[in-house]
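Student: I have just opened a structure that is new to me. Could you help me understand the words used to describe it?

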Amino acid sequence: MKIDLRSDTITKPTREMQEAMWSATVGDDVFGDDPTVNALQDKAARLFGMEDALFCPSGTMTNQLAIRVHTRPGSDVICDKHSHIYLYEGGGIMLNAFSSVKLLDGDRGRLTAHQVSEAISPENDVHSTVTRLVSLENTMNKGGGCYYDFKEIEAIRDVCRERHIPLHLDGARLFNALVETGETTAQYGQVFDSISICLSKGLGCPVGSLLLGTREMIREARRFRKVMGGGWRQAGFLAAAGIYALDNHVIRLKEDHNRARIIGELFAARAEVTDVFPVDTNIVIVRLDDSISEKEYVTRLANAGILAVTFGKGLVRFVTHLDFTDDLLDIMRTRLRTF
């Protein structure tokens, strides 16, 4: 039996989620008449107190749609140097939005209001790009699943509003942050101009993400989604999984976090591990000494029946999820004793 901790995207729908999917009433979402897609979008918009939402195949698409709508060719996006929108979306900022980036060095990927303020391009400087968007990521993937202090987000919001710059959130794992901090979706809807949330990570859906924003912004995003080939037909079968996940799979994220902390403790005790990033949510990143490369380590783990991914020089990542149970954690503990 393989213990798959490569990502929280590898989960299969639960029996109850499958039942919700197969019993869904569907239409044609390109025509806007799939009732289950519409219900999911309405539910998400109400949850965050935002005007509208758009259901898309992936978080990359929802992020890139937001960037495309907010920016203009020749402008720039302020983000951390380890942001998903920069590292893992195929150069989409440049390819889709014809925009540049201002890369900042945050605390495990978390920016401060001061950093953002200092990075905004000067007004009326013909030598500079025009800053048209600030993007934050919460939780921060490359930061080991760390999350923001909400007061810092509010301070960044104030900087953005003073300079009339939209603030976007890559909230692929936002619900992981919320179950730890106790903050609400409504609070996030009040400070961000657009939010991307993923349904296929910790929430356990087979596919799908949502983009939230104003009606006008979502209207534009819907058009660009079609241009990108993202218009889909009887998507209500997938949307039904999203509705089920939002109703049933949020609170249980705490279980993933608890198991991740145990995994962190297991690897912290190993001789070849020099450091374990603080385990704040469901991501565990370990740093290896010079005795073995990250690629060799992942191969050795796979041979022991534990799947993980390399995450940079000397780094290996594990992600807990809906399908990783206490029983599998016990099996993993046993395997590591002889690893």
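Tutor: Let us go through some salt bridges, then a pair of helices.

Tutor: This is a predicted model, where local features need pLDDT of at least 70, side-chain atom pairs count only at pLDDT 80 or more, and totals for chains, interfaces and linings use all residues. Residues are numbered from 1 along each chain as its sequence is written, and side-chain values use heavy atoms, with hydrogens and water left out.

Student: Why is D4 called buried, and what is R6 called?

Tutor: Buried means under 20% relative accessible area, exposed means over 50%, and partly exposed is in between (1.4 Å probe, protein chains only). D4 has 17%, so D4 is buried. R6, at 36%, counts as partly exposed.

Student: How do you know that D8 and R173 form a salt bridge?

Tutor: Their closest N and O atoms are 2.8 Å apart. D8 lies in the loop between β1 (3-4) and α1 (15-22), and R173 in the loop between β6 (167-171) and α8 (174-181), so the pair ties together parts that are 165 residues apart in sequence. The element names come from DSSP runs (helices are H or I, at least four residues; strands are E, at least two), numbered from the N terminus. D8 counts as buried at 0% relative accessibility, and R173 counts as buried at 5%.

Student: What makes D29 and R225 a link between separate parts of the sequence?

Tutor: Their side chains meet in a salt bridge of 3.0 Å, N to O. D29 lies in the loop between α1 and α2 (35-48) and R225 in helix α10 (residues 215-227), so parts 196 residues apart in sequence are tied together.

Student: Why is α12 called roughly parallel to α14?

Tutor: Helix α12 (residues 253-268) and helix α14 (residues 326-337) pack at an angle of about 5 degrees, with their axes 11 Å apart. Angles under 35 degrees count as roughly parallel, over 145 as roughly antiparallel, 65 to 115 as roughly perpendicular and the rest as oblique. That makes α12 roughly parallel to α14. Axes are lines fitted to C-alpha atoms, for helices over the stretch in contact, and angles run from 0 to 180 degrees between N-to-C directions; contact means heavy atoms within 4.5 Å.

Methods: A salt bridge is a side-chain nitrogen of Lys or Arg within 4 Å of a carboxyl oxygen of Asp or Glu.
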